[in-house]
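This report goes through strand pairing, nonpolar cores and a pocket in turn. Please keep the structure open while reading.

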Amino acid sequence: MEKFTRRNFLSKGAMLAGAAYPAMLALGMLKSSEAHAFDLPGNGNGKKIIILGGGLAGMTCAYELTKLGYNCTILEARKRAGGRCFSIRNGSTNTEIDRPTATATFDANLYFNAGPSRIPHHHRLTLHYCKELGVPIQVYNNVNEGSYYFAEGKGPLSNKKIRAREVHNDMRGYMTELLSKSIDKSGLDSALTKEDVEKVMMYLAAEGGLDIDKLYKASARRGYSEAPGAGERVGKVAPVNKLADMLHSGLLDPDFYNVAEYTYELQMTMFQAVGGMDNIAKALQAKVANQLKLGSEVTGITNLPDGVKISYKDALGAHEIQGDLCICTIPLPVLSNIDTNFSGDVSRAIDYISYIKTGKIGLQFKRRFWEEDDQIYGGITHTNNELTQIFYPSNDYLGKKGILIGYYNFEERALSTGKLSYADREKLALQKGRLIHPQYDKEFERSFSVSWHNTKYNLGGWAEYDSETRKNYYPVLLKPDKQVYFAGEHLTYLNAWMAGAFESARSVVAAIHARVTEQRLSYPANNIKG
Ligand SMILES: Cc1cc2nc3c(=O)[nH]c(=O)nc-3n(C[C@H](O)[C@H](O)[C@H](O)COP(=O)(O)OP(=O)(O)OC[C@H]3O[C@@H](n4cnc5c(N)ncnc54)[C@H](O)[C@@H]3O)c2cc1C
């Protein structure tokens with residue numbers, strides 16, 4: 001049997017970009033005491049790598065490859081780095097297709113995250129880079145039982161803001177009551193002993209907050225209509241919502257009912273970068289500043305017999321550069337319109353993988369009324385209308401002013417919102433938002449919206465695979481097309497997450513390093529020319 005050494009591993013790792021990094025982790029080739037330090041053996045000896053796109057994936061590739069002795073150039077079309085890792089502050093600009101560039105005019109110390117806003121505690125690589133790059137993080141309050149559900153114009157609960165804790169506890173109560181009744185009638189207990197049934201009944205009572213008679217009744221867990229206090233103020237518990245009312249108002253519809261804790265990625269503890277998520281991008285940018293060419297839009301990618309040629313344009317005109325290898329992190333809807341000589345399979349994969357439509361609006365208010373009047377500190381209100389979600393900031397609590405994310409929507413709703421002018425998006429956010437928070441009228445100051453599927457150089461939120469594209473097209477892009485490798489969140493199972501950009505970058509760096517060090521060991525060092 002062939003001996004499995006680091007050396008022959010490296011050559012085999014080159015076969016499939018996605019395989020090298022996980023296999024190295026598994027083989028313990030990365031220091032186990034620092035599970036996510038990326039300490040590969042060997043040196044790139046100045047091989048020239050051209051990286052297309054200066055988002056998190058592109059900059060991470062350059063950062064890690066430079067540590068390994070490669071000579072990297074990053075071509076980034078925008079005048080800023082970071083791509084989707086983008087926080088909107090005073091002076092931030094965004095360009096959507098077919099409309100003028102918009103400039104934010106928020107107060108100096110305020111911001112909102114137009115792209116990533118939360119980091120799951122299990123996204124180790126994202127947290128690793130925050131630590132390595134010295135980006136301070138703070139808890140992001142993704143779960144807030146004090147936020148609202150709001151069903152506009154539907155059913156008996158129409159246009160009533162209902163605290164999440166009421167909806168969640170009412171539903172747990174009703175469902176556990178139903179279950180205990182069916183167990184009592186021997187509907188569900190055929191496989192259980194008498195003792196088991198008793199334990200299940202005890203669990204159901206605890207889970208749903210059932211009364212001694214196993215019925216669901218209002219209790220303090222769903223909150224108070226009059227808060228308890230000193231002296232005689234015992235507090236008043238509000239009556240429960242009727243199950244039929246919640247059903248008929250659509251609160252339990254799958255696209256509305258939302259318990260973040262049921263979703264792995266949204267379970268607390270979650271984090272955010274202090275002062276804006278783009279601080280992660282800025283910290284990376286500081287590490288690769290010498291390699292980064294901003295304002296350089298790639299227009300062509302050509303595989304040469306033993307290298308790669310990239311055409312791009314900047315403020316000075318059109319240019320061409322050559323390199324040994326290339327890493328393309330350009331989002332696929334954008335790449336689809338760039339001239340290349342990729343294989344048919346690769347071109348098809350680029351064309352067929354679709355991206356989600358999504359948009360957000362930041363609304364600056366002169367008073368944090370959601371905290372002062374509604375006692376909402378972070379978290380999300382869910383609606384059945386175009387807004388879909390209102391995000392409350394998880395920073396600067398008790399401050400004076402603040403920015404809410406007035407809508408964060410997807411697909412059809414994002415499509416229709418995205419078609420509106422900036423002024424009409426603001427109008428919509430205010431019109432619908434004031435149904436929940438009438439304070440909007442008095443406290444609103446200004447807004448800034450980003451429609452990602454309309455945004456130049458992205459044309460989508462993130463890759464959205466179905467079983468067919470995942471099976472038929474995804475694997476094609478995990479392999480290089482001759483000298484061109486592909487990286488970015490779209491080349492992972494972590495779509496919509498920064499962790500995808502980081503994981504993918506490392507996969508490709510490992511694969512390139514495997515290819516280069518193997519060729520260097522086997523052939524003269526100058527065998528691969530650009
Ligand atoms: C609305 C939204 C919410 C999100 N929420 C979260 C979250 O809460 N948590 C989380 O972890 N992640 C979140 N994400 C996902 C995260 O932002 C991405 O996964 C990650 O930033 C992708 O990085 P990337 O480098 O792969 O791509 P990008 O950031 O898109 O980088 C690609 C780069 O290529 C550049 N480019 C494009 N065309 C050209 C060209 N022709 N020439 C040169 N350069 C070009 C672009 O300008 C861009 O800088 C969210 C994303 C969005 C859009």
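Two strands are said to pair if DSSP finds at least two bridges between them. The model shown here is predicted. In it, β8 and β13 are paired in the antiparallel sense, with four bridges. At one position Tyr-140 stands opposite Met-270, a residue of β13.

These two strands belong to an open sheet of three strands, in the order β7-β13-β8, with antiparallel pairing. The edges are taken by β7 (119–120) and β8 (137–140); each has a single partner strand, so one side of each is left without a neighbour in the sheet.

## The pairing of β15

Strands of a sheet pair through backbone hydrogen bonds, and the pairing may be parallel or antiparallel. Strand β15 (residues 297–304) pairs with β16 in the antiparallel sense over seven bridges. A hairpin of two residues joins β15 to β16. Glu-297 has Lys-313 in β16 as its bridge partner.

With strand β19 (residues 339–340), β15 runs parallel, and two bridges join them. Here Ile-301 has Thr-340 of β19 as its bridge partner.

## Nonpolar cores

In soluble globular proteins, nonpolar side chains tend to be buried together. The largest nonpolar core in this model has 47 residues. Those touching the most other members are Ile-49, Ile-51, Leu-56, Leu-65, Ile-280, Ile-327 and Ile-512. Several elements supply at least two residues each, among them β1 (48–52), α3 (56–67), β13 (270–273) and α17 (498–522). The most comes from α17, which gives 10 residues.

Which residues is Ile-49 in contact with, leaving aside its neighbours within four places in sequence? They are Leu-65, Tyr-70, Asn-71, Cys-72, Thr-73, Leu-325, Ile-327 and Ile-512. A second, separate core has 32 residues, including Leu-335, Tyr-474, Val-484 and Phe-486.

## The second largest pocket

Rolling a probe the size of a water molecule over the atoms shows where empty space is left. The second largest pocket has a volume of about 420 Å³. Its lining is made up of 17 residues, and Ala-77, Arg-78, Lys-79, Thr-95 and Tyr-457 lie nearest its centre.

How many residues of each class are in the lining of the second largest pocket? There are four nonpolar, six polar and seven charged residues. Both β4 (93–94) and β16 (307–314) supply at least two residues of this lining.

Terms used: Residues numbered from 1 in each chain as written. Predicted model: local features only at pLDDT ≥ 70, side-chain atom pairs only at ≥ 80, totals over all residues. Heavy atoms only, no water. 1 Å grid on protein atoms, 1.4 Å probe; cavity = no way out; pocket = protein on both sides within 12 Å on 5 of 7 lines; lining within 4 Å. Points joined across faces, edges and corners; volume = space filled by probe spheres on them. Nonpolar A, V, L, I, M, F, W, Y, C, P; charged D, E, K, R; others polar. Core = buried A, V, L, I, M, F, W, Y, C linked by side-chain atoms within 4.5 Å. Buried < 20%, exposed > 50% of the residue type's maximum accessible area, 1.4 Å probe, protein only. Contact = heavy atoms within 4.5 Å.
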